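Look at the sequence and the model below, then follow the text with the structure open beside you.

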Amino acid sequence: MKRTSFNQIEDFLECESFIHWAQELNGRENIFWEQWMECNPDKIELIEDAKALVKGIPFEPREIPSEQIASALFQLNSRIDRRSDRNKMRKRRAWVIAAAIALILGATSWTWVSELLNTVEYITDYGEWQTIELPDGSLVSLNAHSELKFIKKWEDGEPRQVWLEGEAFFDVVKMLDVGTAFKVITPDLDVEVLGTSFNVHSRGEQTKVYLQEGKVKLDLGDHITYMDPGDVVSYSARKEKIVDRRRTDAESLNPSAWTQGVINMKGAYAFDIFEKLEEIYGVEIRVKNEEIYTREYSVQLPMKKLEIVVPILERSMKVKITRKDQMLLLE
Amino acid sequence: MSITFHSDQLLWNAFKAGNRDALSNLFKTYYPILYRYGQKIHNNHHEVEENIQEFFLYLYERRARLTTPDSIKSYLLKSFRRRLLNHLEQSRSHRKRMAQYADQLVDIQFSVDEIMVRQEVSDHIRHIFVDMLNALPKRQREVIYLRYYDQLTIAEVAQVLSISYQGAVNTAYKAIKALRTNETLSQISAFI
């Protein structure tokens, strides 16, 4: 069925018969469209434009050599393998400790040992936060969509270790005893401290450590670096390098502000605000007009359920937000 | 290489389930498109390459949480574009960032050897045509690139650029109109 009226360019573009004709496929359509043009001389200009729009421009895309694709794929695969090896290594490490303690105590006390070695696991969902007290009294604020693991009971003199994926703020109790270092292990790096407060953000790409107070040592596998209060270091194990190192001066940029129960972003790009919200709530944010990405906003959002946050976001960014399951559409 | 919608979706599901063959297949299919687009946006082979690598690693690691897009092609182009622009944005000075939206960093240029050769057309005329293309506004050039160079549908172009369908039609239309109403029309009619 052909439409009866063609008034604007889209009317043509949505008509299959027209597209066939414009592509010069020489079908039965030809007669129809030639007649149509004769009957509608006022629309010849429009139909010629529509035809050009369908036919387009004859580009000849550059060939990408197959060797280039193969070598890029090889690189990707080896990076994925290297990364999963590293993760396996982390898991093995916990078993090595377990095995070592088991050896010391002897096989008879296995039941007791296994209970002792039980790891505790805290997992927060999107839009969920939790404060956890570690066996030594240190406090951890676990951000949304994060995972923290540690062994239930910590021995004096043993290094205190936790495994983190996601983001957490640590307020570590100082131990006078030398050797009772505190370690946060992430897929990228190990953070080692002796009593201090710091934020570790380890998601996807890289791990970002922010030191609020005290002194920490970063173990990057092949080398070590020290941080001073106010330092923010981002490290990517995949790239095997520190990707960013800076000092925060403004309070607004404080990466641990979320522990105060607010997401506080001053003069931030909308793009960054969206990334943060996507990370915390597991939503996908779509915008009607992409120009908004590079606009700056100052928002202060309570870390509450999404239903509460959305209206506040609407007001502070002066946008309209429609929510559809896990998608937010901004207009 | 074109895959039907149905098997495209199967491929995506297999990829989401962690199938490494599906990852390889996806990579081989879309690498050329992403690489070419990346080079048009940022003329630095190493950085484009690195961004593709990181992009796929990111997709692979987040695979379980990814949604199933209507069009894999436009989904990948869109996310990769956003990622690359974000990367470029970070290397710009603060003042430059203030002066320009990241979107305006996309300044696609066409070259004569990318226009299909037709015997009846002289080199001189091909040059005139390419100059006309490159004189179009940035946004129009990007739409032209996605629509005719990468062969995306108008709906897919709209998706990649996060604009409405109507907006994509209008932009493409303006570009074509500008090319067609140029006074050298008779000479370039071989192209358009």
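In this predicted model, chain A and chain B together bury about 5200 Å², and 54% of that area is on carbon and sulfur atoms. Of the area that chain A buries against chain B, 14% comes from Ile57(A), Phe59(A) and Glu290(A), more than from any other three residues. The size of an interface is often given as the accessible area lost when the parts come together. Counting contacts is another way to describe the interface: 52 residues of chain A are in contact with 59 residues of chain B.

Polar links can be counted as well. Between chain A and chain B there are 20 residue pairs in polar contact, both residues being at pLDDT 80 or more. Which elements of chain A give two or more residues to the side that touches chain B? They are α1 (9-13), α4 (44-55), α5, α7 (270-281) and β15 (284-287) of chain A. The largest share of this side, eleven residues, comes from α5(A). By residue kind, the side of chain A that touches chain B divides into 22 nonpolar, eight polar and 22 charged residues.

Charged residues bring us to salt bridges. One of the pairs is Arg20(B) with Asp81(A), where the closest N and O atoms are 3.0 Å apart. Arg20(B) lies in helix α2 (residues 20-41) of chain B and Asp81(A) lies in helix α5 (residues 66-105) of chain A, so the pair joins two chains. Arg20(B) counts as partly exposed because its relative accessibility is 28%, and Asp81(A), at 35%, counts as partly exposed too. Salt bridges can also form a network, and one such network links Glu45(A), Asp49(A), Lys177(B) and Arg180(B).

Other salt bridges stay within one chain. In chain A, the side chains of Lys217(A) and Glu192(A) meet in a salt bridge of 3.7 Å, N to O. Lys217(A) is in strand β10 (residues 216-219) and Glu192(A) is in strand β7 (residues 190-193) of chain A, so this pair, 25 residues apart, links distant parts of the chain. With a relative accessible area of 23%, Lys217(A) is partly exposed.

In chain B, Asp107(B) forms a salt bridge with Arg141(B), and the closest N and O atoms are 2.5 Å apart. Asp107(B) lies in the loop between α5 (94-99) and α6 (123-134) of chain B, and Arg141(B) lies in helix α7 of chain B, so the pair ties together parts that are 34 residues apart in sequence. Are the two partners buried or exposed? Asp107(B) is partly exposed, with a relative accessible area of 33%, whereas Arg141(B), at 6% relative accessibility, counts as buried.

A polar atom of the Asn51(B) side chain lies 2.9 Å from the backbone oxygen of Glu47(B). Leaving out residues up to four places away in sequence, Asn51(B) touches Phe80(B), Arg83(B), Leu84(B) and His87(B).

Helix α4 of chain B, residues 72-90, can be checked for its length. At 1.5 Å a residue, its 19 residues should span 27 Å, and the end C-alpha atoms are 27 Å apart, so the two values agree. The helix α4(B) is mostly covered, with 14 of its 19 residues buried.

The last topic is backbone angles. Most residues other than glycine have a negative phi. His145(A) lies in the loop between β3 (139-142) and β4 (147-151) of chain A, and counts as partly exposed because its relative accessibility is 27%. Gln151(B) also has a positive phi, near 60 degrees. The place of Gln151(B) is in the loop between α7 (138-149) and α8 (154-160) of chain B. At 55% relative accessibility, Gln151(B) counts as exposed.

Terms used:
Residues are numbered from 1 along each chain as its sequence is written. Chains are lettered from A and ligands numbered from 1 in the order in which they are written. This is a predicted model: local features need pLDDT of at least 70, side-chain atom pairs count only at pLDDT 80 or more; totals for chains, interfaces and linings use all residues. Side-chain values use heavy atoms; hydrogens and water are left out. Helices (H or I, at least four residues) and strands (E, at least two) are DSSP runs, numbered from the N terminus. Buried means under 20% relative accessible area, exposed over 50%, partly exposed in between (1.4 Å probe, protein chains only). A salt bridge is a side-chain nitrogen of Lys or Arg within 4 Å of a carboxyl oxygen of Asp or Glu. A polar contact is a pair of N or O atoms within 3.5 Å; within protein, one must be able to donate a hydrogen and the other to accept it, and residues adjacent in sequence count only if both atoms are side-chain atoms. Contact means heavy atoms within 4.5 Å. The expected span of a helix is 1.5 Å times one less than its number of residues. Buried area is the accessible area (1.4 Å probe) that two parts lose on being put together, summed over both. Ala, Val, Leu, Ile, Met, Phe, Trp, Tyr, Cys and Pro count as nonpolar, Asp, Glu, Lys and Arg as charged, and the others, Gly among them, as polar.
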